[in-house]
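Biologist: I would like to learn how to read the features of a model like this one. Please take me through some of them.

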Amino acid sequence: MKVPVMAEMMATGETPEVLFWVGCSGSFDQRAQKITRAFATILDKTGTKYAILGKEEACTGDPARRAGNEFLFQMMAYNNIQVLNNYGIKKIVTACPHCFNILKNEYPELGGNYEVIHHTTFLQQLIDEGKIKLKEGGSFKGKRITYHDSCYLGRGNNIYEAPRKVLEILDAELVEMKRCRSKGLCCGAGGAQMFKEDEPGDKRINIERTDEALAINPNVIVSACPFCNTMLTDGVKNREKESEVQVLDVAEMIAASMA
């Protein structure tokens, strides 16, 4: 894929409409790279002028701050803000709710003020503008799908409708889990839990959440966060259901259905 990089764009005197913030997961995790590719494909097909920072993008510092290392967070954040401000970035889109939350709500106090949009909201805008054209009888038509609310998207930023509206256009049957929207259950990855061993208990959170999803017999469990995707995929594997149930990101479903 030919993905435009900010430095190259600036060298030719161009500016993108939007900066696509890829995030650590979307850059390095093999599974999450597929989500990044899917979203970049959508941006290409809809003619959105975008760029990524490439090698200049560093971790937002979210896991460091959540794990309590404030000093490391501030160092990382200042570096990122310097890069973004040097390029005069105004608008950022990201497929990771953790990046979204920290860039939107915690960077301003350090001098990083941007319009930050999560990719589900951006996809909804593209649909509203009529830029996303789906092929007839898409691959998810009539499938039972359930959507898992990511903590940083739902309770953290009150984004419940956008992902569901995006999924509506797929002609699938959207079935809600018992705990959904503001009562959604965490997948178990937030607060830097993704990177350490569980505290002692009798059931892992991601297994608990996966069981809730599997209870309604979906064909697809949909998430809008690479961390949630990992945790739910692990849960589905643990229950040996990977041949029957897919775990996909909203962007992957749209990319697969586009004409």
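Biologist: In what order do the four strands of the open sheet with β1 to β4 run, and is the pairing parallel or antiparallel?

Modeller: First, the ground rules. This is a predicted model, where local features need pLDDT of at least 70 and side-chain atom pairs count only at pLDDT 80 or more, while totals for chains, interfaces and linings use all residues. Residues are numbered from 1 along each chain as its sequence is written, and side-chain values use heavy atoms, leaving out hydrogens and water.

Modeller: Now the general idea. Strands of a sheet pair through backbone hydrogen bonds, either parallel or antiparallel. Strands here are DSSP runs of E, at least two residues; helices are runs of H or I, at least four residues; both are numbered from the N terminus. Two strands pair if DSSP finds at least two bridges between them. In this case the order is β2-β1-β3-β4, and the pairing is parallel. The edge strands are β2 (50-51) and β4 (115-118), each pairing on one side only.

Biologist: How many bridges link β1 and β3?

Modeller: Three bridges, in the parallel sense, between β1 (residues 18-21) and β3 (residues 91-94). F20 stands opposite V93 in β3.

Biologist: What is the strand order in the open sheet that holds β7?

Modeller: The order is β6-β5-β7-β8, with parallel pairing. β6 (173-174) and β8 are the edges; each has a single partner strand, so one side of each lacks a neighbour in the sheet.

Biologist: Which strands does β7 bridge to?

Modeller: Three bridges join β7 to β5 (residues 144-147), running parallel. Y147 has V222 of β7 as its bridge partner. Four bridges join β7 to β8, also parallel. There, I221 partners V247, and S223 stands opposite D249.

Biologist: What is the handedness of the β7, α10 and β8 unit?

Modeller: A crossover is right-handed if, with the strands pointing away from the viewer, the path from the first strand over the helix to the second runs clockwise. This β-α-β unit is right-handed.

Biologist: Are the faces of β7 covered or open?

Modeller: Start with the cut-offs: buried is under 20% relative accessible area, exposed is over 50%, and partly exposed is in between (1.4 Å probe, protein chains only). Both faces of β7 (residues 220-223) are covered. V220 and V222 are buried on one side, I221 and S223 on the other.

Biologist: Why does L185 count as buried?

Modeller: Because its relative accessible area is 19%. L185 lies in the loop between β6 and α9 (205-214). Contact means heavy atoms within 4.5 Å. Leaving aside neighbours within four places in sequence, L185 contacts H148, R179, E208, R209 and E212. The C-alpha atoms of L185 and R209 are 6.7 Å apart, across 24 residues of chain.

Biologist: Where is E242, and which residues does E242 touch?

Modeller: E242 sits in the loop between α10 (226-238) and β8 (246-249). Not counting residues up to four places away in sequence, E242 touches V236 and K237. E242 counts as partly exposed because its relative accessibility is 45%.

Biologist: Why does F71 count as exposed?

Modeller: Because its relative accessibility is 62%. F71 belongs to helix α5 (residues 70-86).
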